[in-house]
Amino acid sequence: MMALADSLRAVDIGAVPVATPTGRLVGAQGLLLESVGCRLHTGQRCRIETVDGEWLDAQVVGFREKVSYLMPFKKATGLSTGARVLPTPDKSDLMIGPSWLGRMVNGLGEPIDGLGRLGGDQPLSTTPPRVNPLKKAPVEEPLDVGVRAINSMLTIGKGQRVGLMAGSGVGKSVLLGLITRQTVADVIVVGLIGERNREVREFVERSLGPDGLKRAVLVVAPADESPLMRVMATEMCHAVAAHFRDRGQNVLLLCDSLTRYAMALREVALSLGEPPATRGYPPSVFSNMPQLVESAGNGEQARGSMSAIYTVLAEGDDQQDPVVDSARAILDGHIVLTRELAERGHYPAIDVAQSISRCMAQVVPQEHALAARKLKAAMARHARVRDLIPLGAYVPGADPETDRAVQLQPQIEAFLCQGTREEAPMDGCVDALKAMME
């Protein structure tokens with residue numbers, strides 16, 4: 001009896017749970033589930049009991065008075081009124097390490113490639129970290145992406161965020177695959193968000209290949225996933241890339257696509273009753289996008305870097321689409337792909353005149369930047385007389401600079417075109433550009 005009394009005194013009575021907080025499901029409408037009877041906070045995860053005795057994972061996305069609004073991560077089936085809702089601990093037990101390389105996960109960090117459990121020795125937050133802007137390492141070194149038009153005319157720096165902007169079927173994903181195979185980086189993190197299921201395996205086998213997969217982590221949320229899972233997957237790929245960046249590695253983050261992320265945010269916001277503003281997008285979409293993009297880029301450590309390339313879908317080839325316009329304002333550069341070039345057989349269909357890299361001037365030598373400006377000027381002069389040449393209305397001799405631009409145009413076209421398996425290292429691109437413009 002004395003031993004029992006001593007053991008009871010040693011136990012902290014306040015630490016003994018007297019009850020398990022449990023809510024009840026009272027409504028299911030569209031994407032939202034309604035729960036009462038348990039105090040929940042936004043962002044908290046819950047488990048909902050189904051009629052089969054299984055448990056469905058969900059997250060709190062809002063509340064009104066005593067009703068908490070939940071959104072499931074996966075398709076909600078087998079739910080019934082009065083079903084139990086159990087809150088889960090806020091602390092994440094997700095661990096990450098080098099064993100994640102070569103693996104494929106979903107938005108919750110669960111492996112979906114059938115290769116067993118993921119190992120790790122460092123805790124991973126499911127939301128990307130925030131970096132003090134005054135402590136961010138500057139963009140000072142060029143990043144070799146293996147694409148001639150980008151390396152020479154739109155040079156990207158390590159730590160820069162760039163958007164690939166185009167309509168559907170113009171070649172964004174093909175260009176992204178070319179960049180994936182040839183970019184010089186220690187780790188590549190790929191987020192396939194809201195895309196077709198078919199493209200996932202094709203990207204792994206054709207774009208990455210066995211060698212590329214060894215240094216890559218794929219975060220996948222296809223179009224048939226719930227909007228909340230697509231949002232989680234986009235944030236997860238940023239968190240994974242930031243983890244490797246903070247450990248001193250050069251990371252390339254590829255997110256395909258930023259538009260699908262915005263669409264997923266729109267579905268969540270409209271379900272909660274937020275009014276649509278710009279072309280059906282609620283205001284919260286345009287406040288969440290900068291928060292996501294600003295989590296990319298360099299961190300506080302000078303050794304590591306995190307470069308990010310986002311694909312942005314221009315609906316109807318409209319470069320003034322609200323998502324395109326917002327992305328253009330918050331990114332460090334934009335690369336525009338046009339349907340006109342694609343229809344002429346010009347691949348990659350990069351319109352150099354409409355594109356810009358805002359960090360190019362600080363990562364390339366003066367002679368490189370001068371040669372790029374000369375080529376752009378030659379393209380602009382040729383564009384002014386391009387429609388006159390087939391008609392025979394252009395008369396050489398009036399302007400020597402225009403004559404030279406017309407003579408150089410076939411060389412410029414050949415220089416900016418590149419096959420999907422053709423390699424174009426940075427040094428060779430710059431040398432060819434300088435030789436052509438001299």
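A: Leaving aside neighbours within four places in sequence, L192 is in contact with V200, F203, L218, V219, V220, A221, P222 and D256, where contact means heavy atoms within 4.5 Å. This is a predicted model, in which local features need pLDDT of at least 70 and side-chain atom pairs count only at pLDDT 80 or more, while totals for chains, interfaces and linings use all residues. Residues are numbered from 1 along each chain as its sequence is written, and side-chain values use heavy atoms, with hydrogens and water left out.

L192 belongs to strand β13, residues 187–193; strands (E, at least two residues) and helices (H or I, at least four) are DSSP runs numbered from the N terminus. Because its relative accessibility is 5%, L192 counts as buried, a word that here means under 20% relative accessible area, with exposed meaning over 50% and partly exposed in between (1.4 Å probe, protein chains only). Between the C-alpha atoms of L192 and G30, which are 162 residues apart along the chain, the separation is 25 Å.

Since eight of the eleven residues of α3 are buried, the helix is largely enclosed by the rest of the structure. Those buried residues of α3 are K172, L175, L176, G177, L178, I179, T180 and Q182.

Two or more lining residues come from each of α3 (172–182), α4 (197–213) and β16 (305–313). A pocket is found on a 1 Å grid over the protein atoms alone, as an open set of points where a 1.4 Å probe fits, with protein on both sides within 12 Å along at least five of seven lines, and its lining residues have an atom within 4 Å of a point. Grid points are joined across faces, edges and corners, and a volume is the space filled by probe spheres set on the points.

By class, the lining of the second largest pocket has nine nonpolar, eleven polar and eleven charged residues; Ala, Val, Leu, Ile, Met, Phe, Trp, Tyr, Cys and Pro count as nonpolar, Asp, Glu, Lys and Arg as charged, and the others, Gly among them, as polar.

The largest pocket, for its part, has a volume of about 1300 Å³. Its lining is made of 45 residues, of which R45, Q59, F73, T126 and M232 are the closest to the centre. Strand β4 gives the most to this lining, with five residues, and by class the lining has 22 nonpolar, 13 polar and ten charged residues. The largest pocket lies between domain 1 (23–87) and domain 2 (95–361), because both give residues to its lining; domain bounds come from an automatic or database domain assignment.

Finally, an unreviewed UniProt entry lists residues 158–341 as "domain: AAA+ ATPase", given in the numbering used here, with shortened feature names and annotations that may be inferred rather than shown by experiment. In the model, this span is 46% helix and 21% strand, and its end C-alpha atoms lie 28 Å apart.
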